[in-house]
Amino acid sequence: MMAYIQTDTTSVPDARGYYGEFGGRFVPETLIPALDELTAAYHEAMNDPAFQQRLADLQATYTGRPTPITYAKRLSEHLGGAQIYLKREDLAHTGAHKINNALGQALLAQRMGKQRVVAETGAGQHGVASATASALLGLDCHVYMGTVDIARQQPNVFRMKLLGAEVIPVESGSKTLKDAINEAIRDWVTNVRETFYLLGSALGPHPYPMMVRDFQSVIGVEARRQIVELAGRLPDACIACVGGGSNAIGLFHAFRDDERVDLIGVEAGGHGIDGGEHAARFADPDIGRPGVLHGTRSFVMQDTDGQIVNTHSVSAGLDYASVGPEHAYLRAQERAYYTYATDEEALAAFQTLCRLEGIIPALESSHAVAEVIKRAPHMPKDSIILVNLSGRGDKDLDTVMRELKLNG
Amino acid sequence: MVEVKQLTGVETIATLFARAREQNRAAFLPYFPIGYPTYETSLDAIQAMAEAGVDGFEIGVPFSDPLADGPTIQAATQIALENGVTVRKCLDAIQTLRGRGVTQPMLLMSYLNPLLAYGVDRFVLDAKAVGADGLIVPDLPPEEAALVADACAREGLALVFFLAPTSSDERITLVNRYATGFIYVVSLTGVTGARTELPPDLREFITRVRAKADKPLVLGFGISTPEQASSMNGLVDGFIVGSALVKAGREGVDAVRELAARLRRALD
Ligand SMILES: Cc1ncc(COP(=O)(O)O)c(C=O)c1O
């Protein structure tokens, strides 16, 4: 039988964790031995059929995988071009793709004998997924979250607490995901011997970008098989939103060698690129330049002096100053293409999907849907778009109500 | 004054340790960030410590995301950034301090990204030009260091690497091979910040490092009191105090001078 998670299927990263000129390990010395230990444990686990089986069983019986793909008939007709298929990560347990990675890493933590888990969260989905996996496996979970994000993702904060996790508010810097990661790393440096850092996206020092990609690759592996079953062929384009980049890389990975399939990542355009209030790392060459943040070399939003700038997005999960190094690599290789959707476009897409398909998407995923709305009308009727609906929007109702001024 | 032969940064730093060793004591290298509580006050504080007879300096370049630093230095460097401090201004600060007669070795402590943004080669050239002696980059392990190491080697600047209690014997050997100037030994697993007690297994850890490393060892993280300072004699070649001095900086230059002088006297 084939292993549930295929590793080493591509030439990247190399042994030092590099994707071309991106990636690597830029962290304090204290953490380097921990990263070595993690890398070794990860490879060992992936080569252990019992570990693979355990993960496969949990993904099937707990997460509810495979998640379906849904043909979005009314949306397709409405747009009048490409046929649109949704990969339904919103239907995974806890309501987003984040659980795929959280379960994998939590199993690894348990295998390594680390009882204490720390995580960071932006939208709260990774925090909820980590708290869930920790409850399932009996681990102690501590989640760092910026106070700006705590305010805009209240339901997820309560969920984490219900699941037995400690939510630690982060007041430093921009009080969002970037600062939550800083604090999680500081915690890990301090408690490194007994703590597992359960990182939520395809970023950070090696082996995280690789490990998170591998755990998320089930999205694309399933979707590739499903679209062939349902539509009879591969899609013309795969579209996913890109925060740190885990749902996108999870979808793209299985299609990487299908040269005919366009891979399109959608960043957060916030209030638009011109004023700098966005999180579109690839779209604004003035501030989005190669640099080092959180242990990896990638595109980083920074001022001319190398200070990390504050980002803005209506969606907490995309509101981050850097992006996973493999996306920087895929872009440099011209294998994937990156664009952005503004807050306004994402909110419009959110409503469109609600009304035409009866699906309330996460604001993050709405960015991907916004790109579908722009692109599909210009594509032939027999073309196919596969879009990753990375999560559901329950967590975002307050924000959307406020933004649409529908409350009251 | 007659210009004597110009020593490289690495040589200057070696002299510092040789002198402290002659005096049978550890060298004291305070950390202070440029721009805290104000640009001018940070320069005055460093000058005051120089006059109090400290052996060298770790000069902090502020960064927005200092992930190896605890709350005290985070807050101070955040204020420094709000005060408009840039990498260039940190270099200017060193030049000004040299002009004011500060002769002790000065190493710039910066996270990697501001150096990359400035341009590593240009930064190293400019650092040398203003009279800096070395670089300390806390998020740069030796495996990633080629770019910075080559530039530093060309200009004779020291490039300091770190060891931590988690470092294996193999890594001690590796870091000893790459480090120039000294090895920064992190006393504990954690971030910067004053601690009331140093870790109980510190002596054991230092012994383990000594067995594999012949470069000067400078201990940092958590040291704040004269008692802790005097316990450095005979244990390590030098030590760094940061957060305690930064806290004193809140009260002004006199408080910094006073604490630095007490820490220095504790070594005699
Ligand atoms: C539903 C959803 N989609 C996407 C993201 C963005 O993360 P990534 O780019 O790692 O998929 C998040 C992050 O919180 C999320 O909750």
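1. Helix packing terms come before the numbers. Axes are lines fitted to C-alpha atoms, for helices over the stretch in contact, and angles run from 0 to 180 degrees between N-to-C directions. Helices (H or I, at least four residues) and strands (E, at least two) are DSSP runs, numbered from the N terminus. This is a predicted model: local features need pLDDT of at least 70, side-chain atom pairs count only at pLDDT 80 or more, and totals for chains, interfaces and linings use all residues. Residues are numbered from 1 along each chain as its sequence is written, chains are lettered from A and ligands numbered from 1 in the order in which they are written, and side-chain values use heavy atoms, with hydrogens and water left out.

2. Start with chain B, helices α11 (residues 243-251) and α12 (residues 253-265). They pack at an angle of about 145°, and their axes are 6 Å apart. On α11(B), the residues in contact (heavy atoms within 4.5 Å) are B:A244, B:L245, B:A248, B:G249 and B:E251. Their partners on α12(B) are B:A255, B:V256, B:L259 and B:A260. By class, this contact has seven nonpolar residues, one polar and one charged. Ala, Val, Leu, Ile, Met, Phe, Trp, Tyr, Cys and Pro count as nonpolar, Asp, Glu, Lys and Arg as charged, and the others, Gly among them, as polar.

3. Also in chain B, α4 (residues 87-99) and α6 (residues 120-130) have axes that come within 8 Å and cross at roughly 20°. That makes the two helices, α4(B) and α6(B), roughly parallel. Angles under 35 degrees count as roughly parallel, over 145 as roughly antiparallel, 65 to 115 as roughly perpendicular and the rest as oblique. From α4(B), the contact takes B:V87, B:R88, B:L91, B:I94, B:Q95 and B:R98; from α6(B), it takes B:F123, B:D126, B:A127 and B:V130. Six of these residues are nonpolar, one is polar and three are charged.

4. In chain A, the axes of α2 (residues 49-63) and α4 (residues 98-111) come within 11 Å and cross at roughly 140°. The pair α2(A) and α4(A) is therefore oblique. Residues of this contact include A:F51, A:L55 and A:L58 of α2(A) and A:I99, A:L103 and A:L107 of α4(A). The contact of α2(A) with α4(A) holds eight nonpolar, five polar and two charged residues.

5. Chain A is assigned two domains: domain 1 (36-43 + 97-213) and domain 2 (63-95 + 217-406). The bounds come from an automatic or database domain assignment. The domain centres, taken over C-alpha atoms, are 22 Å apart. Across the boundary, 32 residues of domain 1 are in contact with 39 of domain 2. Together the domains bury about 2,800 Å², with 56% of it on carbon and sulfur atoms. Buried area is the accessible area (1.4 Å probe) that two parts lose on being put together, summed over both. On the domain 1 side, A:H97, A:R152 and A:R213 lose the most area, together 28% of what that side buries.

6. Between the chains, 36 residues of chain B are in contact with 33 of chain A. The buried area is about 2,700 Å², and carbon and sulfur atoms give 50% of it. B:D65, B:L67 and B:E144 supply 24% of the area that chain B buries against chain A, more than any other three residues.

7. Check the backbone at three places. The peptide bond from A:R65 to A:P66 is cis, with omega near 0°; A:P66 sits in the loop between α2 and β3 (69-71) of chain A. B:Y36 and B:P37 are also joined by a cis peptide bond, with omega about -10°. A:K175, a residue other than glycine, has a positive phi, near 60°.
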